[in-house]
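Morning, everyone. Please look at the picture first.

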Amino acid sequence: MSSINKKKKFISINIAILTISDSRNFKDDISGNLLEERIINFGHKVFKRQIITDDIPLIKKIILNWSSNKLIDAIITTGGTGLTGRDSTPEAINEIAEKTIDGFGELFRQISFSKIGTSTIQSRALGALLKGTYVFALPGSKSACKDAWDHILKFQLDNRYQPCNFIEIMPRLQEL
């Protein structure tokens, strides 16, 4: 059974949020706003936040730039994970990822299936590693971002979560 070890001191990390949308701005970016609120309320810091269009070179450029910043521990994107022509977040991330975290997408779709049934098959949510930085690509819907944070990320980005979590292995992500 998984649990939180309350004897351990919580470690706050820096997270960057990237909204990928051709139509959103900061006022109506409900998914980005939800993620920012949950990240801050949990005790982490939102180090950067930006909104860009669905454009593979631009997505790659921002994620590469942010993953090169040693002060950013994780990047969470929202949007661009669907099947339509402009949805290109997974392609951009897969082109630059050093490793994929296959279980993230699998678990996200399992959680989503319990809520939206087979419609979850259209989600291409994914997790990856790049230069020792975690990258998580979430769908653009508020509900999907809420599910990903509340059921996966808030636990895996908590060093107190047992039996294991993403934070405790961060120092070893770039081992040779």
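Start with helix α1. Its buried residues are Ser31, Gly32, Leu34, Leu35 and Ile39. Buried means under 20% relative accessible area, exposed means over 50%, and partly exposed is in between, with a 1.4 Å probe and protein chains only. Those five cover an arc of only 160° around the axis, which puts them on the same side of α1. The arc is taken from the directions that run from the helix axis to the C-beta atoms.

Before going on, a word on where this comes from. This is a predicted model, in which local features need pLDDT of at least 70, side-chain atom pairs count only at pLDDT 80 or more, and totals for chains, interfaces and linings use all residues. Residues are numbered from 1 along each chain as its sequence is written, and side-chain values use heavy atoms, with hydrogens and water left out.

What covers the buried side of α1? The cover includes β2, β3, β4, β7 and α5. Contact, by the way, means heavy atoms within 4.5 Å.

Now check the length. The expected span of a helix is 1.5 Å times one less than its number of residues. After α1 comes Gly43, with a positive phi near 115°.

Stay on β3 for a moment. Gln50 sits in that strand. Gln50 is partly exposed, at a relative accessible area of 28%. Which residues does Gln50 touch, leaving aside its neighbours within four places in sequence? They are Ile17, Leu18, Thr19, Phe26, Ile62 and Trp66. Asn25 is 25 residues from Gln50 in sequence, and 9.3 Å away in space, C-alpha to C-alpha.

Next, helix α4, residues 102–116. The same length rule applies: its 15 residues should span 21 Å, and the end C-alpha atoms are 21 Å apart, which agrees. Which residues of α4 are buried? Phe104, Gly105, Phe108, Ile111 and Ser112. Seen down the axis, the buried residues of α4 fall within an arc of 130°, so they line one face of the helix. They pack against β6, β7 and α5. Turn to the face away from that buried side. There you find the exposed residues Asp102, Glu106, Gln110 and Ser114. Gly117 follows α4, and its phi is positive, near 65°.

On to the pockets. The method uses a 1 Å grid over the protein atoms alone. A pocket is an open set of points with protein on both sides within 12 Å along at least five of seven lines, and lining residues have an atom within 4 Å of a point. Grid points are joined across faces, edges and corners, and the volume is the space filled by probe spheres set on the points.

The largest pocket holds about 310 Å³ of space. It is lined by 18 residues, and those nearest its centre are Ile116, Ser123, Pro139, Ser141 and Ala144. Which helix gives the most to that lining? It is α4, with four residues. By type, the lining has four nonpolar, 11 polar and three charged residues. Nonpolar covers Ala, Val, Leu, Ile, Met, Phe, Trp, Tyr, Cys and Pro; charged covers Asp, Glu, Lys and Arg; the others, Gly among them, are polar.

The second largest pocket has a volume of about 150 Å³. Of its 16 lining residues, Ile20, Ser21, Arg24, Gly79 and Gly140 are the closest to its centre. β2 and α1 each supply at least two residues of this lining.

Most residues other than glycine have a negative phi, and most peptide bonds are trans. Lys131, in the loop between β6 and β7, has a positive phi near 55°. Lys131 is partly exposed, with a relative accessible area of 28%. And the bond from Gln162 to Pro163 is cis, with omega near 20°. You will find Pro163 in the segment after β8.

Note on methods: On a 1 Å grid over the protein atoms alone, a cavity is a set of points where a 1.4 Å probe fits but cannot get out, and a pocket is an open set with protein on both sides within 12 Å along at least five of seven lines; lining residues have an atom within 4 Å of a point.
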